[in-house]
Amino acid sequence: MNVKAMAAGLVVLALSVGASAAPVTYYDTIAGGQAAFTSTVTGAGGTVNTANLSGLSAGSSWDLGDFTISTTDGGYTSISNASQNNSTGQMIDISPSYANPENSGITFTFDSAINGLGFEVGDWGTCCLPSSLYIAFDGGSDNLVATATNYNDNPTVAAGGGYGDDTVFIGAIDDSATFTTVTFYGDGYGEILTAGGTIYYTNVDIGSVSNVSEPGTFALMGLGLVGLGLTRRKKA
C-alpha cells in the first residue's frame, strides 16, 4: 500500500469533516452568551458588530442599516419594550403558529455576507413544552439550538431569573461559507415568544472556528498516522 497516498487521504478526510461540521451554537444568559460569542469571534481573528433594537413600531419589516429584519411569513406583528422582557433592547413578537411554526419566525437579510449571528429570545420555555429553537442560514437545514422540557431549562431562569426576567442569548456561527439571510423560529405553540434585544453579527474566515472545534477529527488522523508508522516498521 502506498503510505504517502494513505496519509494524504487522511488529511483530506480531516479537512472534509471539518468543512462539513455543524455550526457552533450559543445558548446562555444574555451576558454569558454575548461573552462566549465575542470570545469565539475575536479568537478567530474576527470582529463583532452590534445593533441595538430601539425606536421600532409594530409592522412586518425593519431596516437596521446593515441588515433588515422581516417576519418570515410577511405578517404584521407587535413590538415590546426592553423593560417587558428584561432584555437589552426592543423585542419582536414571533409567537409560534400551530401548523407552520417555521413561518412564524423572523428573517435577517444582510447587505454584506456574514456567517455568525446572535440575539436575545424572551418568554421562552414558559409553557407548551417541549419547546425548541431553530436557526438556518440561507434557507439551508434548520439547526437546533436548544430544547426546553421545563422552565428551568431556560439558562436565565436556572441562574435565578423568572417570569419577566427569562430572556436568553442564542446564536450560531457557520464558518463553512458566508450567507446573506438567517432565519430563526421556535416551535412551542401557545407560548408568547419574542426575539431581538441587541443583535451580534460577524463574518469570520472560512474554517477558522469549526476546524479548531473538531478534536476528534485530528485524533482520528493521528491514530491513522501511527498505524501507518507501525505498518512501515513491520515491512522493514
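Does Asp138 count as buried, exposed or partly exposed, and why? At 39% relative accessibility, Asp138 counts as partly exposed, where buried means under 20% relative accessible area, exposed over 50%, and partly exposed in between, with a 1.4 Å probe and protein chains only.

Some conventions. The model is predicted, so local features need pLDDT of at least 70 and side-chain atom pairs count only at pLDDT 80 or more, while totals for chains, interfaces and linings use all residues. Residues are numbered from 1 along each chain as its sequence is written, and side-chain values use heavy atoms, with hydrogens and water left out.

Now the backbone. Asp138 sits in the loop between E9 and strand E10 (143-148); helices (H or I, at least four residues) and strands (E, at least two) are DSSP runs numbered from the N terminus. Its phi is near 50°, a positive value in a residue other than glycine. Asn86 also has a positive phi, near 55°. Asn86 is in the loop between helix H3 (82-85) and strand E6 (91-93), and counts as partly exposed because its relative accessibility is 41%.

The peptide bond from Leu129 to Pro130 is cis, with omega near 0°. Pro130 belongs to the loop between strand E8 (116-122) and strand E9 (131-137). For context, most residues other than glycine have a negative phi, and most peptide bonds are trans.

Last, Ser80, in strand E5 (residues 79-80). Ser80 counts as buried because its relative accessibility is 9%. Leaving out residues up to four places away in sequence, Ser80 touches Asn85, Gln90, Met91 and Thr194, contact meaning heavy atoms within 4.5 Å.
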